[in-house]
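Please look at the picture while I talk.

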Amino acid sequence: MADPPRRRIPSPQWLLVLPALALLAVILLAPLGRSLTYSVDAPALTLDHYTALFTDGVTLRVLARTALTATIVTLIAVLLGYPYAYLMTRAGPRLRGLLMVIVLVPFWTSVMARNFAWIIILQRGGPVNSFFRLFGWDLVLYESVAGVTIAMSQVLLPFMVLPLFSALSGIDRRLLLAARGLGSHPIAAFWKIYWPLSRGGVVAGLVLVFTLSLGFYVTPALVGSPQNSLVAQLLGQRTTQLLDFPGASALGILVLVVSLALVTWANRFGGTISAIGVAASAPTKDRP
């Protein structure tokens, strides 16, 4: 007679995770569950609040403006962050350390101080306005979508550079040297070898910057205007001024679903999203 299968006993190491899981459930999952309940209950079970998001002209304009702003910020971040991260992998230890410090400076600076600095730069009579006045163009970017986009790009650029640096620093440059030795053009070698190997870091940075842009609040609230508000400002207005908790909950759940869909797409397209938050990796291999 065969022995009955033994019951597997969970490893005691999993007990170390329980406090973190309990804290996560209290501060994240419980409010999300409450928001989900609010969004479908008014007072009976209904999806009217979600339907209203796509029929209300004001909400649609805010959603479109937020998506467009997040897309532009993400494109600016990758266009500036990719060459910067590549330079970091090619620089020596001292220069690489200096470049890393420049990337991390925004994390060491007060959010309010950075945004008030952008207000001074972009307002009428500021450096930007004074520069364009030299050419007869009275351009004021303060309280405009363009000003918000510029300020958000500066704030979120490190979130693109760090995943890119993590990915690019692990690429063996001897592959490029081998392609050049076989007669490949530098552009063709980059596109067929270097770019596919860096795709994971690019996708991680794109998703991280885009999702942060969707819920950005402080910079649009200070640098922008109520007429050009984004989703986070609309959420704040609905909860603090209009007291429309069901509508605000539905809007928040919609943003959450979009963010989760982007992360799922990134995991399927770019391999893994684990590069997010990683600032160091193996040293660049640039010697044959």
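Predicted model: local features only at pLDDT ≥ 70, side-chain atom pairs only at ≥ 80, totals over all residues.

Helices (H or I, at least four residues) and strands (E, at least two) are taken here as DSSP runs, numbered from the N terminus. Helix α3 covers residues 57–90, and its 34 residues should span 50 Å at 1.5 Å a residue, which agrees with the 50 Å between its end C-alpha atoms; the expected span is 1.5 Å times one less than the number of residues.

Residues are numbered from 1 along each chain as its sequence is written, and side-chain values use heavy atoms, with hydrogens and water left out.

Let us turn to helix α5, residues 111–122, whose 12 residues reach 17 Å from the first C-alpha to the last, close to the 16 Å expected. Which residues of α5 are buried? They are Arg 114, Asn 115, Trp 118, Ile 119 and Leu 122, where buried means under 20% relative accessible area, exposed over 50%, and partly exposed in between (1.4 Å probe, protein chains only). Seen down the axis of α5, these buried residues fall within an arc of 145°, so they line one face of the helix; the arc is that of the directions from the helix axis to the C-beta atoms. Their cover includes α4 (93–108), α6 (127–133), α7 (145–168) and α10 (218–223).

Helix α7 also holds Ser 166, which counts as buried because its relative accessibility is 12%. The C-alpha atoms of Ser 166 and Thr 89 are separated by 9.3 Å, although these residues are 77 residues apart along the chain.

In the loop between α7 and α8 (174–181) we find Asp 172, which counts as buried at 18% relative accessibility.

Finally, the protein chain as a whole has 12 helices and zero strands. Of its 288 residues, 36% count as buried, and among contacts (heavy atoms within 4.5 Å) between residues at least 6 apart in sequence, 73% join residues at least 24 apart.
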